[in-house]
Amino acid sequence: MKISIDENSGFCPGVVRAITRAERELQNHGTLYCLGDIVHNGQEVERLAESGLTCVDQEQFSVLHDTTVLLRAHGEPPATYSLAQRNNIQIIDATCPVVLQLQNKIKQAYTAHPQAQIVIYGKVGHAEVIGLNGQCDNRAIIIESIDDLEKLDLHREVILFSQTTMSISTFNEIVRNIQQNIPVGTPFTYHDTICRQVANRIPNIRRFAEQYDLILFIAGKKSSNGRILFDECKAVNPNSHHIYSIDEIERKWFVNVSSVGICGATSTPKWLMEKVAKIINDF
C-alpha cells in the first residue's frame with residue numbers, strides 16, 4: 001500500500017511561531033500559562049501540557065497576578081492587554097503578524113470613520129474574531145455568509161474585512177452582493193485580509209486528495225480551518241475520513257485500498273500525521 005503525507009499540510013507559520021515561543025519559555029522556566037488553547041488540536045495541547053504549559057480561559061486569566069502568559073497566534077482584544085497590565089502579568093505576545101496587521105487596519109478604519117459600519121466576515125465566537133472586534137470597541141457586524149448581509153444598513157458607509165482563514169470565494173461573493181445592492185454614492189470599502197498561506201491550501205489539498213484511493217484528514221474538533229479543508233477533500237474524493245485522533249482509525253476502511261493520502265489543517269502537527277502513517281503501515 002502506498003502511504004503519503006501531504007507536504008503542504010501542518011502548522012501554518014503563525015502557529016509554528018507561537019509553539020516555538022512556548023517551547024523556548026518552557027525550556028527556560030519549566031511552566032507557562034497560555035490564554036486559550038495554543039492551537040486547535042487536543043493532542044498538541046496535551047504534548048505541551050506535559051512540558052508545563054497550562055491553558056487558561058478568560059475567567060481564569062482574570063484572576064492571575066504576577067506571572068507570565070503567552071497570547072496565541074489568534075490575537076487578543078485591547079481589554080486583554082489592559083487586564084494584564086493591571087494584574088502585573090508579563091505578556092509573551094505570539095499573535096500572528098498577519099492577524100496583528102489586520103487588527104491595526106480595523107482599528108485605523110474605526111478611528112478614521114466612526115460613523116461607518118465595520119463588517120467582519122468570520123466565525124461568530126472564534127478567538128481571532130473576538131480579537132478583531134475588540135479593535136473597534138466590539139461594534140463590528142460579524143457575518144458568516146451571504147445570508148447575514150441583511151444585518152447591514154446599506155444606506156450607511158460599509159467597511160468590510162475578513163478573518164484571515166475564511167474562504168476567498170465566499171468573500172468575493174459577499175463583495176459582489178454589496179456592490180450590487182448598495183445605493184449609488186454610499187461609501188463601500190473592502191479589504192481582502194485572508195491569509196494566502198492558508199487560502200492556498202485549498203487548491204493544494206484538492207490536488208492531493210484526488211491522487212489517492214482513500215484520504216485520512218486529521219484535525220481538531222475546534223478547527224474551523226479543518227472543517228473547510230476537509231470539505232474540500234470530500235468534494236473531490238468521497239472516500240475521505242475526518243479523524244481527530246488515532247483511536248478513530250478503522251481497519252475496514254483499507255480493504256481493497258492501494259493508496260492512502262494523509263493530510264490535515266493548519267493546526268495539525270506533522271508528528272501526528274507521521275504517527276497515523278505508521279499505524280496504517282503496521283496494518
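This briefing walks through a few local features of the structure above, topic by topic.

The model is predicted: local features need pLDDT of at least 70, side-chain atom pairs count only at pLDDT 80 or more, and totals for chains, interfaces and linings use all residues. Residues are numbered from 1 along each chain as its sequence is written, and side-chain values use heavy atoms, with hydrogens and water left out. Helices (H or I, at least four residues) and strands (E, at least two) are DSSP runs, numbered from the N terminus.

**The sheet**

- Welcome to an open sheet of 4 strands, which has the order β3-β2-β4-β5 and parallel pairing; two strands pair if DSSP finds at least two bridges between them.
- At the edges you will find β3 (53–56) and β5, each of which pairs on one side only.
- From one strand to the next, the twist averages 30°.
- Strand β2 (residues 32–35) runs parallel to β3 and is joined to it by 4 bridges.

- Helix α4 lies across β2, β4 (68–71) and β5, and runs at about 145° to β5.
- For such angles, axes are lines fitted to C-alpha atoms, for helices over the stretch in contact, and the angles run from 0 to 180 degrees between N-to-C directions.

- Helix α5 (residues 97–112) and helix α6 (residues 127–134) have axes that come within 8 Å and cross at roughly 35°.
- This crossing of α5 and α6 is right-handed (the near helix is turned clockwise from the far one by less than a right angle).
- On the α5 side, the contact (heavy atoms within 4.5 Å) is made by Val-99, Leu-102, Gln-103 and Ile-106, while α6 brings Glu-128, Gly-131 and Leu-132.
- By class, the contact of α5 with α6 has 4 nonpolar, 2 polar and 1 charged residues; Ala, Val, Leu, Ile, Met, Phe, Trp, Tyr, Cys and Pro count as nonpolar, Asp, Glu, Lys and Arg as charged, and the others, Gly among them, as polar.

**Asparagines with positive phi**

- Asn-88 sits in the loop between α4 (78–86) and β5 (90–93), and its phi is near 55°, a positive value in a residue other than glycine.
- Asn-88 is exposed, with a relative accessible area of 52% (exposed means over 50%, buried under 20%, partly exposed in between, with a 1.4 Å probe and protein chains only).
- Asn-256, in the loop between β11 (240–243) and β12 (259–264), has a positive phi of about 60° although it is not a glycine.
- Asn-256 is exposed, with a relative accessible area of 78%.
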